[in-house]
Amino acid sequence: MLTNSGTIISSFIASKKMRIDWNSSVYLPASYDTSDARYSVLFMFHGAGGHQLNFLERMDTKGQLHAMHYEGIVVYVDGFNSFYLDGPGYPMESMIMEELIPHYLEKYRTNGDILLGGVSMGGYGALRLS
C-alpha cells in the first residue's frame with residue numbers, strides 16, 4: 001500500500017495568446033511542502049481527442065509516480081487537438097513556449113530542468129518541442 005504520495009492540484013493559466021483560461025493539472029511530490037528543495041518539471045501531453053485529465057483518469061499516474069519515488073513536479077497540459085503546433089485554432093506551440101513553461105517555472109520551486117513527455121499526439125508534441 002502506498003502512503004504519503006504527492007498531491008494533484010487543478011490549475012489554469014489566463015492565456016493572453018489564446019484569450020482563455022487554459023486548464024492543467026499539477027502533481028506535487030509529497031516532499032514539496034516539507035522541503036526547501038527545487039524540482040524539475042515534467043510537462044505531459046495527452047493524445048488526440050484527450051485532455052489534461054487523461055493521464056489521471058485512465059491510469060494511476062499518481063501511484064506510479066510515488067512507486068517510482070519520482071521527486072519532481074508534473075504538469076498535465078490540455079493540448080486540445082492541436083498537435084502542439086501553432087495553427088488557426090490556437091497558437092499552441094507559442095503558447096507552451098512563451099506562457100505555459102515560464103508560468104510553471106515561476107509559480108513553483110523549480111531547478112530550471114524541463115522535461116517533456118506524452119503519448120501519441122502528445123509524444124509527437126514532446127519530441128517536436130524538445
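What share of the contacts in the protein with a separation of 6 or more comes from residues 24 or more positions apart? Hi everyone, the figure is 73%, where contact means heavy atoms within 4.5 Å.

A quick word on the basis. This is a predicted model, in which local features need pLDDT of at least 70 and side-chain atom pairs count only at pLDDT 80 or more, while totals for chains, interfaces and linings use all residues. Residues are numbered from 1 along each chain as its sequence is written, and side-chain values use heavy atoms, with hydrogens and water left out.

Let's start with the overall picture. The protein has four helices and five strands, taken as DSSP runs numbered from the N terminus (helices are H or I, at least four residues; strands are E, at least two). In sequence order, the pattern reads β-β-β-α-α-β-α-β-α. The C-alpha trace spans about 45 × 30 × 25 Å along its principal axes. For 130 residues, a compact globule would have a radius of gyration near 14 Å, and the protein agrees, with 14 Å. That radius is taken over C-alpha atoms, and the globule rule is 2.2 Å times the number of residues to the power 0.38.

How much of the protein counts as buried? The answer is 45% of the 130 residues. Buried means under 20% relative accessible area, exposed over 50%, and partly exposed in between, using a 1.4 Å probe and protein chains only.

Now, the inside. The largest nonpolar core has 24 residues, and Trp22, Phe43, Ile73, Ile96 and Leu100 touch the most other members. A core here is a set of buried Ala, Val, Leu, Ile, Met, Phe, Trp, Tyr and Cys residues joined through side-chain atoms within 4.5 Å. Two or more residues each come from strands S2 (20–28), S3 (39–45) and S4 (73–77), and from helices H3 (92–107) and H4 (121–129). H3 gives the largest share, six residues. Apart from this core lies another, of eight residues, including Leu42, Phe55, Leu65 and Tyr76.

Thr61 touches two of those names: beyond four places in sequence, its contacts are Phe55, Leu56 and Tyr76. Thr61 lies in helix H2 (residues 61–67) and, at 9% relative accessibility, counts as buried.

Phe45 and Tyr84 make a tilted pair, 4.6 Å centre to centre with 35° between the planes. Phe45 sits in strand S3 and Tyr84 in the loop between S4 and H3, so this pair ties together parts that are 39 residues apart in sequence. Both Phe45 and Tyr84 are buried.

Compare Phe83 and Tyr124: their ring centres are 6.3 Å apart and their planes at 70°, so that pair is edge-to-face. It links distant parts of the chain, with Phe83 in the loop between S4 and H3 and Tyr124 in helix H4, 41 residues apart. Phe83 is partly exposed at 40% relative accessibility, and Tyr124 is partly exposed too, at 39%.

Finally, Tyr32, Tyr39, Phe43, Tyr104 and Tyr108 form one aromatic cluster. The charged end of Arg109 sits over the ring of Tyr32, 4.2 Å from its centre; the rule asks for NZ of Lys or CZ of Arg within 6 Å of the ring centre and within 35 degrees of the ring normal.

How values were computed
Rings of Phe, Tyr and Trp (its six-membered ring) pair if their centres lie within 6.5 Å; planes under 30 degrees apart count as stacked, over 60 as edge-to-face and the rest as tilted.
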